[in-house]
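Biologist: I've got a new model on my screen and I'd like to learn how to read it. Can you walk me through it?

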Amino acid sequence: MPSEKMLMIGSHVVAEAAVRAGCRYYFGYPITPQNELPEYLSARLLEVGGTFIQGESEVSSINMVLGASAVGARTMTSSSSPGVSLKQEGISYMAGMELPGVIINMMRGGPGLGNIAPSAADYFQATRGGAHGDYRTPVLAPAGGQELVDLTFVAFDLADKYRTPVMLLGDGLMGQVMEPVIFPDFIDLKDLPEKDWIVDGCEGREPRALFSMFLGQQGELYQHNLHLQEKYDKITAEEMRWETNCPDDAEMVVVAYGTAARIAESAIEELEAEDLRLGLFRPITLWPFPKPALRELSKKVPKVAVFEFSLGQMVEDVIFSVGERAEIYFHGLPGGIIPTPADVADFLRSAAKGDGKVGRRIDV
Amino acid sequence: MSTEVAFEQIFGRPESLKTNPTHYCPGCGHSVAHRLVAECLDEMGLREKTIGVPPVGCAVLAYNYFNFDMVEAPHGRALAVATGIKRVHPDKFVLSYQGDGDLAAIGTAETIHSGNRGERISTIFINNAIYGMTGGQMAPTTLLGQTATTAQAGRDARLHGSPIDISRMLAVCDGVVYVERCSLTSIKQIRRAKKAIKKSYQCQLDDLGFSIVELLSPCPTNWKVSPKAAWAWVNDEMTKTYPLGVIKDTTGYEDKK
């Protein structure tokens, strides 16, 4: 049975959704602003017969995830920006070994220790692989609320379907804000497709090994990378997600994801009173970035306004998508500052006029 | 006079070892250690429920030689990976096989904390006082005065720190129930090592806690000596820094007997 409507903070929402999506093994290391997530699971997983381990570091935690995944479990870790940097080595190994797993990043300000306020400056790290080697990690960017529930389920499903680590990219604000949600029923782990590749002892079959090293002289690593690329092409073709809310006669479409999109939404509403016809394009998968959808939209709308909680990362994917089909404006704030809808409205007014007072025109 | 002769096979390859030839150098201790690990699994009937985690280092390709399920780990992370495995499958037998660089340098945190949590894992620790796979650099366990490609005048305590005795460090952790150091350079010690490995396996089967068997192991290639001289060096020199014997035993096994 689905749950009643419940009022919970975002970190708790993701944690409960993970349990209902069949995750019984969590490994993580404390870091602000996402500690509520492991705290919740440390108690919750015991109730459902699962295991919670507070690792000695982010490095060991992601490798515990690697081990649990290799033997067939639905498993996850969570952290915030500096901690996710430490997990990157393990994520690269999981990509190379084709191991599913979910990594939550409730982003905070950087670089370095930065601060503990919300940010979205890890876009490049999340969408460009993050560590060494030719790989990509599917990245889901919820805008809070019910989507935190829904995309947590999607994250585990995608991870298993494609045998890949998947990242859920939120931010410190999303983790702390309390919103109403409804949880679907617990999935039955027995209903999931059997994993015929796991190592769980070789009784009744030939031994298996899971590894990412291909030393062979016959182009084994080359072939392995081509195989991975085929998988990434398939994910790109089949798993793009986005939301468009754009009137036919819009003069400008705002591109924003996550919390920034929620703030932009309020700004767009505010500007309706001023007769500015604006739309919103919200990427939900950041990798694969929904380029074709944005490209089509930019053929109809003369201006694209990009708003980010960073000084310009996603805007590069917007440029790749839009090219010279529309004018592109950008406004970004570094981590540690929570912008108001009024700030964004100022940028959108300026972009509509093209006066360059707030943000800047991108010269493609 | 009868010409019939009855043959009985009294020695052979353990089932837990594949028939692949290994890449190990002549005189290397890994081959002996692999055989001991495999013989003990066979004799205790564990092969089909075993999941092994090899290191990054000379034994990184151990999954080509061991005939049971294995999962590669990033350098130093074998015991974190093994922790994830064991927590999902407490009923399976989980083994890590690691060298000194993997276990006592880059993986020190994973080693100490897995031990301290009392993970039900058996660890085989190959200490050859050198980085083998990368070509003879200084290891955390390199002896004072021993030369290495990154300590060409010999290890100096002031410059490099003294050799680390991680087995003794582990012994102070409550979750660690059994620590023994043996060598692979005399028949007597090889037999002793086999007993120690079996005991370590038994600790896991009896759900007692973490256990580790350290094996002092010759590396003639990177020590730049003959296999015979390498054996002698382990026996005469290495054992001064790393004395052989039981370092910790809270199993109570002897008491029962």
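Modeller: Let's begin with contacts along the chain, bearing in mind that this is a predicted model. Take the contacts in chain A between residues at least 6 apart in sequence: 79% of them join residues at least 24 apart.

Biologist: What does the radius of gyration of chain A say when set against a compact globule?

Modeller: Chain A has a radius of gyration of 21 Å, and a compact globule with 364 residues would be near 21 Å, so the two agree. Along the principal axes, the C-alpha atoms fill a box of roughly 70 × 50 × 40 Å.

Biologist: And how much of chain A is buried?

Modeller: Buried residues account for 52% of the 364 residues in chain A.

Biologist: How is chain A divided into domains?

Modeller: Domain 1 of chain A covers 6-191, and domain 2 covers 242-362. Their C-alpha centres are 27 Å apart. Where the domains meet, 28 residues of domain 1 are in contact with 21 residues of domain 2.

Biologist: Which elements build the domain 1 side of that meeting place?

Modeller: Helix H5 (123-127), strand E6 (139-140), strand E7 (165-171) and helix H7 (172-176) of chain A each supply at least two residues. H5(A) gives the most, with four residues.

Biologist: Now the sheets. What is the strand order in the open sheet of seven strands?

Modeller: Reading across, the order is E3-E2-E4-E5-E7-E6-E13 of chain A, and the pairing is mixed. At the edges sit E3 and strand E13 (285-287) of chain A, each of which pairs on one side only. For one pair inside the sheet, look at strand E5 (residues 101-107) and E7(A): they run parallel and are joined by seven bridges. A:Val102, for example, has A:Val166 in E7(A) as its bridge partner.

Biologist: Which strands does H3(A) lie across?

Modeller: H3(A) lies across E2, E3, strand E4 (75-79) and E5 of chain A, and runs at about 165° to E4(A).

Biologist: Let's turn to the chain partner. How do I read an interface like that?

Modeller: Interface size is often given as the accessible area lost when the parts come together. Here I'll go by contacts instead: 32 residues of chain A are in contact with 28 residues of chain B. Strand E2 (25-28), strand E3 (51-54), helix H3 (58-70), helix H4 (81-97) and strand E9 (209-210) of chain A each supply at least two residues to the side that touches chain B. H3(A) gives the most to that side, with eight residues. The chain A side divides into 19 nonpolar, eight polar and five charged residues.

Biologist: What joins E9(A) to strand E2 of chain B?

Modeller: Two bridges do, and E9(A) runs parallel to strand E2 (residues 69-71) of chain B. B:Val71 is the bridge partner of A:Leu210.

Biologist: One last residue. Where does A:Glu239 lie, and is A:Glu239 buried, exposed or partly exposed?

Modeller: A:Glu239 lies in the loop between helix H8 (220-238) and strand E10 (242-245) of chain A. A:Glu239 has 18 other C-beta atoms within 10 Å, so A:Glu239 counts as partly exposed. Once neighbours within four places in sequence are left aside, A:Glu239 is in contact with A:Pro138, A:Leu158, A:Thr285 and A:Pro288.

Notes
Residues are numbered from 1 along each chain as its sequence is written. Chains are lettered from A and ligands numbered from 1 in the order in which they are written. This is a predicted model: local features need pLDDT of at least 70, side-chain atom pairs count only at pLDDT 80 or more; totals for chains, interfaces and linings use all residues. Domain bounds come from an automatic or database domain assignment. Two residues are in contact if their C-beta atoms, placed from the backbone, lie within 7 Å. Ala, Val, Leu, Ile, Met, Phe, Trp, Tyr, Cys and Pro count as nonpolar, Asp, Glu, Lys and Arg as charged, and the others, Gly among them, as polar. Two strands pair if DSSP finds at least two bridges between them. The radius of gyration is taken over C-alpha atoms; the globule rule is 2.2 Å times the number of residues to the power 0.38. A residue is buried if 20 or more other C-beta atoms lie within 10 Å of its own, exposed if 12 or fewer, and partly exposed in between; C-beta atoms are placed from the backbone. Axes are lines fitted to C-alpha atoms, for helices over the stretch in contact, and angles run from 0 to 180 degrees between N-to-C directions.
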